[in-house]
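This briefing is meant to be read alongside the sequence and the structure shown below.

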Number of protein chains: 2
Amino acid sequence: MPAPTDPRTGLPVVAMVGGGQLARMTHQAAIALGQSLRVLATDPAESAALVAADVRLGDHRDLDALRAVADGATVLTFDHEHVPSEHLRTLTVEGVRVAPGPDALLHAQDKLVLRHALDAAGEPQPAWAEVHTVHEATVFAEEVGWPVVVKAPRGGYDGRGVFVVSGPDQVAELLERHRVLLVEERVPLVRELAVLVARSPFGQVAVWPVVETVQRDGINTEVLAPAPDLDEETALAAQELAVRVADRVGVVGVMAVELFGTADGVLVNELAMRPHNSGHWTIEGARTSQFEQHLRAVLDYPLGSTAMTAPAVVTANVLGGAASAEDWAGPGVDERVHHLMAHWPDVKLHWYGKGQRPGRKLGHVTALGEDLAEVRARAVAAARYLADGEVDPAFAFPEEH
Amino acid sequence: MPAPTDPRTGLPVVAMVGGGQLARMTHQAAIALGQSLRVLATDPAESAALVAADVRLGDHRDLDALRAVADGATVLTFDHEHVPSEHLRTLTVEGVRVAPGPDALLHAQDKLVLRHALDAAGEPQPAWAEVHTVHEATVFAEEVGWPVVVKAPRGGYDGRGVFVVSGPDQVAELLERHRVLLVEERVPLVRELAVLVARSPFGQVAVWPVVETVQRDGINTEVLAPAPDLDEETALAAQELAVRVADRVGVVGVMAVELFGTADGVLVNELAMRPHNSGHWTIEGARTSQFEQHLRAVLDYPLGSTAMTAPAVVTANVLGGAASAEDWAGPGVDERVHHLMAHWPDVKLHWYGKGQRPGRKLGHVTALGEDLAEVRARAVAAARYLADGEVDPAFAFPEEH
């Protein structure tokens with residue numbers, strides 16, 4: 001049976017589970033390709049639901065809601081990895097094209113599945129153990145040395161579900177909450193890197209330059225493209241690693257490979273199988289954005305060029321400040337956007353339309369240029385101003401002398 | 001009274017009259033700014049109506065439809081110039097912010113109004129006459145020499161309503177259809193140029209580099225940015241002219257100044273007060289696209305940088321071929337998009353989602369690079385392939401040897 005298309009345009013219909021900013025920005029990319037993204041949102045005020053023409057309301061854990069959004073769509077894909085595998089298997093059996101497929105997606109849903117797969121493939125990763133008892137954890141920790149990093153295999157993101165643990169008592173506590181744990185050595189981390197790769201059902205693969213991701217409290221705050229001072233050999237090795245892993249797990253769509261950069265090379269931290277925060281820089285900074293590429297990949301279109309459009313590109317996330325929207329006494333978002341535009345006429349804004357909440361990703365800004373340090377300073381100052389109205393002293397407004 | 005904003009986001013709501021590709025691409029730009037464009041479309045299958053979340057159906061000549069789409073919007077703007085002035089005046093009196101305002105818009109709606117205004121301002125334009133009788137036309141034509149160019153003052157676009165006339169009889173025919181005519185000398189045209197300018201209510205102005213526009217049968221087929229072999233002095237003069245005209249007519253938003261390039265300099269042909277075909281290259285080719293800039297301008301946000309992102313940028317329009325969709329026996333649009341992507345991984349596609357019809361603007365492609373001739377060949381070949389499946393011999397697929 002040929003895949004369904006939109007009878008009005010003769011072009012594919014991509015349905016995306018999840019109505020967050022990733023779906024929002026994917027819709028933007030879909031528009032250029034003659035498409036309109038169909039979105040499954042849980043709330044009409046979600047980021048993508050505010051801007052997409054075809055929004056279905058429903059829960060991503062509800063099989064019938066998934067069936068409804070997939071009905072008549074060319075392919076079903078994701079803005080997050082929280083859809084139950086069994087539902088995706090059912091949909092696949094029912095003839096729905098799901099990309100990435102449930103078997104691939106499992107490597108992004110379950111950290112233990114990933115660790116086992118990477119070991120089998122001989123890919124570099126931290127020393128790790130699957131742990132069901134305090135004793136197993138202690139044996140491992142005494143081998144690699146306390147403290148160790150304990151992770152819930154499922155459900156964590158943005159640093160949630162990750163704990164640095166100094167002794168058996170804490171392991172016991174965590175085992176009470178989670179039947180099984182992933183325990184890892186604490187990697188002598190120099191910095192974090194990420195490689196974004198796209199893979200189509202045909203098997204075509206495209207990889208963007210390696211980036212450095214800067215975290216604060218486990219949440220990504222800045223992405224530096226390309227990763228500064230990364231030797232060519234390590235960069236190429238990281239890209240090749242990402243391509244091998246993409247093939248190995250059989251991902252279809254965009255996949256982010258998050259890496260620990262150490263003095264001796266890179267180790268795989270985890271995977272995300274969707275457009276990813278570490279790839280927002282590609283909207284202006286690469287010939288093909290991760291959002292367009294994700295659509296191309298899941299539709300088995302030929303992939304686009306991943307060449308950079310400028311020597312240095314930095315994305316800075318705008319995180320909600322300490323005050324909630326109700327308590328916020330500073331300038332409103334519209335006023336802050338005015339000032340941003342006045343001060344940085346060449347910084348690109350991406351605002352997600354979400355309510356302000358401490359630590360929430362509200363938007364991002366991207367700056368481009370020749371010199372990474374200058375570009376980074378510009379992006380960070382702009383994002384910081386947008387987040388809470390504070391101005392970096394290095395970028396003070398002229399009238400504030 | 002403060003201008004309304006979207007209570008869900010705290011950000012402005014721009015309402016656009018017209019649901020064509022300009023509204024479609026403006027919605028894309030609005031998404032990045034945290035907004036969602038509200039669109040007044042006449043048909044749910046219109047280009048922008050397929051992708052926007054907030055679509056109102058109604059006729060742009062119906063005052064109540066205009067009132068409804070403007071209700072609760074921060075500002076009302078346009079994807080075309082066909083809205084009756086009297087309606088816009090009524091809305092203005094009723095407190096609706098209309099940008100551009102009715103007085104400014106008149107210069108894009110009525111070619112005679114523009115000619116009078118440019119004469120009063122002493123700006124360069126072709127010799128012209130307002131003609132109510134055959135005698136008046138003959139007097140003018142004998143002064144400047146037959147043939148002359150006769151234009152219907154209102155309603156024409158894409159070359160419609162423009163006639164090259166060799167004698168009084170044809171003038172008589174046209175006068176039967178139009179009460180009044182604009183008659184112009186036939187300019188010794190070297191090429192056509194365009195300058196895109198944006199102006200905010202505050203009076204801030206931003207201008208992009210001068211481009212060359214290539215026409216076929218009165219329809220724009222290619223835009224070359226920057227205009228090749230244009231000396232700096234003429235380029236600057238054309239930009240200054242555009243800024244003066246923007247100020248003079250008091251436009252708010254993006255305005256395209258279409259120019260005749262002659263051996264002696266430039267003459268103003270006509271104005272468009274909205275994002276314009278001659279500015280599609282700015283999506284990838286300038287730091288701020290015309291669509292984002294239009295939103296910034298009508299909202300009185302500070303304007304963005306108009307710097308180019310590459311030395312040479314070319315947009316080629318995809319026009320519907322001779323066959324209508326029903327008669328078309330070649331590859332379908334989805335197949336053509338596949339081939340485009342396979343062959344030109346770095347050419348950017350913008351497909352409008354419209355039905356195929358001879359001469360209709362179905363989409364455009366943009367190529368960027370160092371060398372304008374190479375970039376132009378790439379863009380034209382890609383557009384030609386998309387339009388009708390024909391491949392430029394210079395860009396034949398490898399398997400066709």
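In this predicted model, A:Arg89 counts as partly exposed, because its relative accessibility is 36%, a value that falls between the 20% and 50% cut-offs. The residue forms a salt bridge with A:Asp103, in which the closest N and O atoms are 2.5 Å apart. Since A:Arg89 belongs to helix H3 of chain A and A:Asp103 to helix H4 of chain A, the pair ties together parts that are 14 residues apart in sequence.

**Helix H4 of chain A**

- Helix H4 of chain A, which spans residues 102–109, is mostly covered, with seven of its eight residues buried.
- The buried residues of this helix are A:Pro102, A:Ala104, A:Leu105, A:Leu106, A:His107, A:Ala108 and A:Gln109.
- Their packing partners in chain A are strand S6 (75–78), helix H3 (85–93), H5, H8 and strand S16 (265–272).

**Other salt bridges within the chains**

- Over all chains, the count comes to 40 salt bridges.
- One of them joins the side chains of A:Arg38 and A:Asp54, at 2.9 Å from N to O; because A:Arg38 lies in strand S4 (residues 38–41) of chain A and A:Asp54 in strand S5 (residues 54–57) of chain A, this pair ties together parts that are 16 residues apart in sequence.
- In chain B, B:Lys111 forms a salt bridge with B:Glu270, the closest N and O atoms being 3.9 Å apart; the pair links distant parts of the chain, with B:Lys111 in helix H5 (residues 111–121) of chain B and B:Glu270 in strand S16 (residues 265–272) of chain B, 159 residues apart.
- B:Lys111 counts as buried, because its relative accessibility is 11%, which is under the 20% cut-off.

**Annotated positions in chain A**

- According to an unreviewed UniProt entry, the annotation "binding site" covers A:Lys111, A:Lys151, A:Glu184, A:Glu185, A:Arg186, A:Val187, A:Glu192, A:Asn269 and A:Glu270.
- Of these positions, A:Lys111 is placed in helix H5 (residues 111–121) of chain A, and A:Lys111 counts as buried at 12% relative accessibility.
- A:Glu192, also covered by the annotation, lies in strand S11 (residues 191–199) of chain A and counts as buried at 18% relative accessibility.
- Apart from neighbours within four places in sequence, A:Glu192 is in contact with A:Val211, A:Glu212, A:Thr213, A:Gln215, A:Leu259, A:Phe260, A:Gly261 and A:Asn269, and A:Asn269 is itself among the positions that the record annotates.

**A buried glutamine and a partly exposed leucine**

- A:Gln239, found in helix H8 (residues 232–249) of chain A, counts as buried at 18% relative accessibility.
- A polar atom of the A:Gln239 side chain lies 3.1 Å from the backbone oxygen of A:Trp208; with neighbours within four places in sequence left aside, the contacts of A:Gln239 are A:Val195, A:Val207, A:Trp208, A:Pro209 and A:Val210.
- B:Leu189 lies in the loop between strand S10 (181–184) and strand S11 (191–199) of chain B, and B:Leu189 is partly exposed, with a relative accessible area of 41%.
- Not counting residues up to four places away in sequence, B:Leu189 touches B:Phe260 and B:Gly261.

**The interface of chain A and chain B**

- In the interface, 45 residues of chain A are in contact with 45 residues of chain B, and the two chains bury about 3,900 Å² between them, 60% of it on carbon and sulfur atoms.
- A:Ile31, A:Arg287 and A:Met341 supply 16% of the area that chain A buries against chain B, which is more than any other three residues.
- Two salt bridges are counted between the chains, one of which joins the side chains of B:Lys348 and A:Glu292 at 2.9 Å from N to O, and there are 19 residue pairs in polar contact across the interface, with both residues at pLDDT 80 or more.
- Strand S2 (11–12), helix H1 (21–32), helix H10 (290–298), helix H11 (333–343) and strand S18 (348–351) of chain A each supply at least two residues of the side that touches chain B, and the largest share, six residues, comes from H11(A).
- By class, this side of chain A has 22 nonpolar, 14 polar and nine charged residues.

Key: Residues numbered from 1 in each chain as written. Chains lettered and ligands numbered in written order. Predicted model: local features only at pLDDT ≥ 70, side-chain atom pairs only at ≥ 80, totals over all residues. Heavy atoms only, no water. Contact = heavy atoms within 4.5 Å. Buried area = accessible area lost by both parts, 1.4 Å probe. Salt bridge = Lys/Arg side-chain N within 4 Å of Asp/Glu carboxyl O. Polar contact = N/O pair within 3.5 Å; in protein donor to acceptor, adjacent residues only side chain to side chain. Helix = DSSP H or I, 4+ residues; strand = E, 2+ residues; numbered from the N terminus. Nonpolar A, V, L, I, M, F, W, Y, C, P; charged D, E, K, R; others polar. Buried < 20%, exposed > 50% of the residue type's maximum accessible area, 1.4 Å probe, protein only. UniProt positions renumbered as here; feature names shortened; annotations may be inferred.
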